[in-house]
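User: I'd like to go through this one term by term, checking each label against its definition. Can you show me what we're working with?

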Amino acid sequence: QVQLVESGGGLVQAGGSLRLSCAASGSIFRINAMGWYRQAPGKQRELVALIVGGEGSTTYAGSVKGRFTISRDNAKNTVYMQMNSLKPEDTAVYYCYAQIQVVVARPTYQYWGQGTQVTVSS
């Protein structure tokens, strides 16, 4: 039983900033990866940013590199995504994603948050 709780979405003007948070709760042995996907109307869900492994290696979609920064607080099982210089094309529902090992020597499972709307006006 794992739950991902998102917060931080909202409406901003182009050029503004938002900070998304996602906290994982429940029985967790190890979080192997955590990050964000987004889906705009009529488009497929796409990876935005991901932080993985013990070293915290990060991956970003090309469209957000240099503007978005993902980070994590391991003690809180929480990831953050600072979004700066927002553009109208960033408008989408943002979904927290986590790959979590719940029990030692057992497979990892994928979990999704409920989604939070980010709207950027021009």
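**Labels and their cut-offs**

Analyst: Let's start with a strand pair: β7 and β8 run antiparallel and are joined by six bridges. Before going on, this is a predicted model, so local features need pLDDT of at least 70 and side-chain atom pairs count only at pLDDT 80 or more, while totals for chains, interfaces and linings use all residues. Numbering starts from 1 along each chain as its sequence is written, and side-chain values use heavy atoms, with hydrogens and water left out.

User: What makes β7 and β8 a pair?

Analyst: Two strands pair if DSSP finds at least two bridges between them, and strands here are DSSP runs (E, at least two residues), numbered from the N terminus. With six bridges joining them, β7 and β8 count as paired. For one of these bridges, phenylalanine 68 has methionine 83 in β8 as its partner.

User: Why are β1 and β7 called edges?

Analyst: The open sheet has four strands in the order β1-β3-β8-β7, with antiparallel pairing. β1 and β7 each have a single partner strand, so one side of each has no neighbour in the sheet. The twist from one strand to the next averages 15°, taken between axes that are lines fitted to C-alpha atoms, for helices over the stretch in contact, with angles from 0 to 180 degrees between N-to-C directions.

User: Which strands does β4 pair with?

Analyst: Nine bridges join β4 to β9, antiparallel, and methionine 34 has alanine 98 in β9 as its bridge partner. Another six bridges join β4 to β5, also antiparallel, and there alanine 33 is bridged to valine 52. β4 and β5 form a hairpin with six residues between them, and glycine 42 in the turn has a positive phi of about 75°.

User: What makes a set of residues a nonpolar core?

Analyst: The members must be buried Ala, Val, Leu, Ile, Met, Phe, Trp, Tyr or Cys, joined through side-chain atoms within 4.5 Å. Buried means under 20% relative accessible area, exposed over 50%, partly exposed in between (1.4 Å probe, protein chains only). The largest core has 30 residues, and Leu4, Trp36, Met81, Met83 and Tyr94 touch the most other members. β9 gives the most to this core, with five residues. Leaving aside neighbours within four places in sequence, leucine 4 is in contact (heavy atoms within 4.5 Å) with residues including Cys22, Met34, Cys96 and Trp112.

User: What makes a pocket a pocket, and not a cavity?

Analyst: On a 1 Å grid over the protein atoms alone, a cavity is a set of points where a 1.4 Å probe fits but cannot get out, whereas a pocket is an open set with protein on both sides within 12 Å along at least five of seven lines. Lining residues have an atom within 4 Å of a point. The largest pocket holds about 170 Å³, a volume filled by probe spheres set on points joined across faces, edges and corners. Its lining includes Met34, Arg72 and Asn77, and β4 gives the largest share, three residues.
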